Amino acid sequence: MAHSVLLVEDDKGIATVITEALREDGFDVTACESIARRDALLADNRFDVMLTDVMLEDGDGLASIDTVRRLAPAMPVIVLSAQNTLDTAVRASDSDAFEYFPKPFDLDELTQAVAQAVANRPSGEREEEAEDSALPLIGRSPAMQGVYRMITRVLRNDLTVLITGESGTGKELVAEAIHQLGSRKTGPFVAVNMAAIPHDLLESELFGHERGAFTGAVSQQIGKFEQANGGTLFLDEIGDMPAEAQTRLLRALQSGRIRRVGGRQEIGVDVRIVAATNRDLAPMIADGRFREDLYYRLNVVPIHLPPLRERPEDIGALVRHFLGQAAGEGLPLRQASADGIEALKARAWRGNVRELRNAAFRLALMARDDTIDRAAVEDVLPTARTDADDINKHGFEAAVEAWVDAARPADGAVYHAALAAFEKPLFEMALERTEGNQLRAARLLGINRNTLRKRLSELDIAPETFTRRR
């Protein structure tokens, strides 16, 4: 006997495609377009699995899922949605959905999921619904939909997660989302940036130390592992961890116990580990800079965050969000026009979402009008204009030649004009990468901190605009 499927979809074209595909695979499909018709069918029939859209002609298919659970408590539910946000993915997960598919979806994957749902027929206890205020990630691009799906799959377990992605893509926001939306949300969220702590103090920072353990240890200190007990420990820039600390971290992950520096007693800790890196760990493993066994211990569930250039369709939503944040922090309330958004989409954004946020705050502060259009973008952010494709294809020399052709500096002034044009975006890049920390920016550039401060003042660059706001 064919397994029965209830399809709740008000887009007739999509409903037809899904129905035909499932029937070809031997399923008996009943389709309807509304919540009211869905409930009537569930009251009078037994279905093996239900596929439902979220936004239907008479309401929200997920908001009314309690009725479905009452009428068919053991029936697996697969959610389909064009509302491709983290909120929707989390709501689907919180509703105990068997699977969530953002539109457009792969039809073969959908039919496979239906077959798996019929075979497994899971049922589970519902979790408390997450609040929208706990959702820090923005974007509906296909690349971000994949991230949302991965996040929802780790919310109901304590598997270790390794987040990869370029600097500024929002790795800590993903870690915070996993914590805030998961079963450990009532516990602490403790973040440690491996690159910001001197190597000789890292073990003490992670595991704590006893009084007298080393010079300057005048009292006992509780480490980050103990501080995060019952919650989540976020290890950012894990690729910068020195070898000796890697060994101790691996031991702690394997045993669930730590020992303070200078201490004799082992202490049991209950923490979920989420790690992140902007480095490619494979070559580091190959040349012995990163332990292979630690990598496998951390990389249980990998989540890759796409760079902003791979999801330009999200820039409009991000800019609107950041302009709202800027207004909330006392800056003028601005709006971005369509051509202003297009101007921002055309940029390289090597600093990714962090750079875009800084740019939005700068625009909110410095734009002359309440509406930020293309002219305002080009006026306020002239140094951000970079032909990324030209640089990628032809290298730095071609970029210099293109700048000279465009800027047309006067004879005898090319050298100094080129240095000035190059210096300001270089310093801004360094501040973006170090989140406004002038000491780290000076180290990155290889110059004296006083020299950096002097040039920042002369170039009218405000380091505080690059400081990360939490």
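V5 stands opposite V29 in strand β2. Two strands count as paired if DSSP finds at least two bridges between them. This is a predicted model, in which local features need pLDDT of at least 70, side-chain atom pairs count only at pLDDT 80 or more, and totals for chains, interfaces and linings use all residues. Residues are numbered from 1 along each chain as its sequence is written, and side-chain values use heavy atoms, with hydrogens and water left out.

Start with the whole chain. It holds 20 helices and 16 strands. Helices (H or I, at least four residues) and strands (E, at least two) are DSSP runs, numbered from the N terminus. Of the 470 residues, 47% count as buried. Buried means under 20% relative accessible area, exposed means over 50%, and partly exposed lies in between (1.4 Å probe, protein chains only). Now take contacts between residues at least 6 apart in sequence: 72% of them join residues at least 24 apart. A contact means heavy atoms within 4.5 Å.

Return to β1. Together with helix α1 (residues 12-24) and β2, strand β1 makes a right-handed β-α-β unit. Right-handed has a set meaning here: with the strands pointing away from the viewer, the path from the first strand over the helix to the second runs clockwise. β1 also pairs with β3 (residues 49-53), again in parallel, through four bridges. Here L7 stands opposite L51.

These strands belong to an open sheet of five, in the order β2-β1-β3-β6-β7, with parallel pairing. β2 and β7 (99-102) stand at the edges with a single partner strand each, so one side of each is left without a neighbour in the sheet. From one strand to the next, the twist averages 15°. Its angles run from 0 to 180 degrees between N-to-C directions, with axes as lines fitted to C-alpha atoms (for helices, over the stretch in contact).

Next, the interior. Nonpolar side chains tend to be buried together in soluble globular proteins. The largest nonpolar core has 43 residues, and M50, I151 and V174 touch the most other members. Helix α7 (residues 171-181) gives the most to this core, with five residues. A core is a set of buried Ala, Val, Leu, Ile, Met, Phe, Trp, Tyr and Cys residues joined through side-chain atoms within 4.5 Å. Leaving aside residues up to four places away in sequence, M50 touches L6, V8, R38, L42, I65, V68, M75, P76, V77 and I78. A second, separate core has 31 residues, including F207, A228, A245 and M284.

Helix α4 (residues 86-94) is mostly covered. Eight of its nine residues are buried: L86, T88, A89, V90, R91, A92, S93 and D94. The cover includes β5, β6 (77-81), β7, α6 (142-153) and α7. After α4 comes D96, with a positive phi near 65°.

R91 leads on to the charged pairs. Its side chain meets that of D60 in a salt bridge (2.9 Å, N to O). R91 lies in α4 and D60 in strand β5 (residues 59-60), so the pair ties together parts that are 31 residues apart in sequence. D60 is partly exposed, at 22% relative accessible area. A salt bridge requires a side-chain nitrogen of Lys or Arg within 4 Å of a carboxyl oxygen of Asp or Glu. The whole structure has 27 of them.

A second example joins D240 and R279 (2.9 Å, N to O). D240 sits in the loop between β10 (232-236) and α10 (243-255), and R279 in the loop between β13 (272-277) and α11 (281-286), so this pair ties together parts 39 residues apart in sequence. D240 counts as buried, at 19% relative accessibility. R279 is partly exposed, at 36%.

D370 lies in the loop between α15 (352-366) and β16 (371-372), and R334 in the loop between α13 (315-328) and β15 (335-336), so parts 36 residues apart in sequence are tied together. D370 is exposed, at 52%, whereas R334 is buried, at 9%. Finally, E9, D53 and K103 form one network, joined by salt bridges that share partners.
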